[in-house]
Amino acid sequence: MLPGAVSVGAFISVGRSLERAVARVHASEALGYHSAYVTHIAGRDSLAVLAAYACRSERIRLGTGVMPIYSRTPVASAQTIATLDEMSGGRAVLGIGVSHKVTVEGWYGQPLEKPVRDMREYVGIVRAILRGEDPPQGERFNSSFRFMGYEPRPDIPIYIGALSPRMLRLAGELGDGVVLWLCNPDYVRDVVVPEVTKGREKAGLGLDGFDVVAAVPSAVTDEPEAARARMRGDLIPYFSLPFYRAMLERSGFGEDIEGFDEGMARNDPEAAVGAISDAFLQTLAAIGDVEGAEATIRRYQEAGATSPCLGGVPGTDFDATLEKLAHLAGA
C-alpha cells in the first residue's frame, strides 16, 4: 500500500447462502471495493470460503479477518494461504488472531495462556515457511517443515487481529497490518496508531505500507434507530468477553459495561442491551443516510484506518449499503 493511501473494503462473510456471498464479492469488486474479509465463526471454514471467492473474482483482495491461530497449526496455515494466494493470482491476506478463552478451549481444546507469545511464535514460523527458511523453534509452536518442489510467494501479507496495547505493538513489529473490531475512530487514533507505531519502531520500520483494517458496521437506512437496536442485540457476546471489555473500558465506555453487567446480574437481558449507549453506537457504526454513514467512515480514515471495511448490520440491506457507499471505494 502506498504511503498515505486509503482503501475501502468490506467484510463479506457467509450467512445462509454461500452462493449469495460469492455474488456479493463479485458485485463488490465491480463496485470498486479494494478488499473482502471473512470472519472465522461457527460456520463454514474461512479459508475455504475465500477459495470460493477467488474463483469468482479477479482483482479484489481476499483475507481472513481473522482466523484463530489455535484452529490450525502454523504449517497448515502456511500451506493453505500459499495455495489460496496461488489460486487468486497473488491476492491473499492471512489475517490471524488469538480469539478468546471460551472459544480456544471450548472449540479447539487448546489452552489460552500466553497469547502474545503464541502469536509471536506462530507468525515467525509461518513467515519462515513462506520464505523457504528453517522455522524458528518456540515454547508453544515448533516445526521442521519446508516446502518441497513448491515456492509460494514469500511475502504473502500477514495481518494480526489486535485489541490490547501489547498485541497492537506486536502487530506493528511483526505484521503487515492489523485487523480491528469494535474499535471506534477515537480508539484507532489514541491507542491503535501510537501502539502500532511503537512496534514498527522496534522493528526499525515506519508506518508507510502498514495496513490498519477497521471493521465499520454500516447501514444506509431510513430507520437508523431500528438498525442500532438490532445491532445492540448482536453485541451481547462481545460485552461478555474479557478482551473486548478491556478495550471498551480503554475507549471510555466503562459505564456501558457496568450497566450491561447490572442487567445481566438481574437476569434482565433487555436492560443489559439497553445499557449499550447511543453514544457508543453512533461513534462506532456508520448508520443513517448516505451523508451520515460517509461522515463516520471518513472519521475512521482521519483517525488512521488505512482500510476501513464496511460490515453488515442485522436486518438491513447490506447490498444496497455497498452500492450507496461505493463512491468511497474510489475516493
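Which hand does the crossing of H3 and H5 have, left or right? The crossing of H3 and H5 is right-handed; a crossing counts as right-handed if the near helix is turned clockwise from the far one by less than a right angle, and as left-handed if anticlockwise. This is a predicted model, in which local features need pLDDT of at least 70 and side-chain atom pairs count only at pLDDT 80 or more, while totals for chains, interfaces and linings use all residues. Residues are numbered from 1 along each chain as its sequence is written, and side-chain values use heavy atoms, with hydrogens and water left out. Helices (H or I, at least four residues) and strands (E, at least two) are DSSP runs, numbered from the N terminus.

**Helix H3 with helix H5**

- The axes of H3 (residues 74-87) and H5 come within 9 Å and cross at roughly 45°; axes are lines fitted to C-alpha atoms, for helices over the stretch in contact, and angles run from 0 to 180 degrees between N-to-C directions.
- H3 is therefore oblique to H5; angles under 35 degrees count as roughly parallel, over 145 as roughly antiparallel, 65 to 115 as roughly perpendicular, and the rest as oblique.
- On the H3 side, Pro74, Val75, Ser77, Ala78, Ile81 and Ala82 meet Tyr122, Ile125, Val126, Ile129 and Leu130 of H5, where contact means heavy atoms within 4.5 Å.
- The contact of H3 with H5 has ten nonpolar residues, one polar and no charged; Ala, Val, Leu, Ile, Met, Phe, Trp, Tyr, Cys and Pro count as nonpolar, Asp, Glu, Lys and Arg as charged, and the others, Gly among them, as polar.

**Helix H5 with helix H6**

- H5 (residues 115-131) packs on H6 (residues 165-174) at an angle of about 15°, with the axes 10 Å apart.
- H5 and H6 are therefore roughly parallel to each other, and H5 passes H6 in a right-handed crossing.
- Pro115, Val116, Met119, Arg120, Val123 and Arg127 of H5 meet Arg166, Met167, Leu170, Glu173 and Leu174 of H6.
- Seven nonpolar, no polar and four charged residues make up the contact of H5 with H6.

**Helix H1 with helix H2**

- The axes of H1 (residues 18-31) and H2 (residues 46-55) cross at roughly 55° and come within 9 Å.
- H1 is thus oblique to H2, and the crossing of H1 and H2 is right-handed.
- Leu18, Ala21, Val22 and Val25 of H1 make the contact with Val49, Ala52 and Tyr53 of H2.
- The contact of H1 with H2 has seven nonpolar residues, no polar and no charged.

**Backbone features in loops**

- The peptide bond from Gly65 to Val66 is cis, with omega near 0°, and Val66 is in the loop between strand E3 (61-64) and strand E4 (67-68).
- Ser99 is not a glycine, yet has a positive phi of about 65°; Ser99 lies in the loop between strand E5 (92-97) and helix H4 (101-108).
- Ser99 counts as buried at 19% relative accessibility; buried means under 20% relative accessible area, exposed over 50%, and partly exposed in between (1.4 Å probe, protein chains only).
- Leu182 has a positive phi near 70°, is found in the loop between strand E7 (177-180) and helix H7 (185-202), and is buried, with a relative accessible area of 1%.

**Cysteines**

- The structure holds zero disulfides, a disulfide being a pair of cysteine sulfur atoms within 2.5 Å.
- The cysteine sulfur closest to that of Cys183 is in Cys309, 13 Å away and too far for a bond.
- Cys183 is buried, with a relative accessible area of 1%, whereas Cys55 is exposed at 58%.
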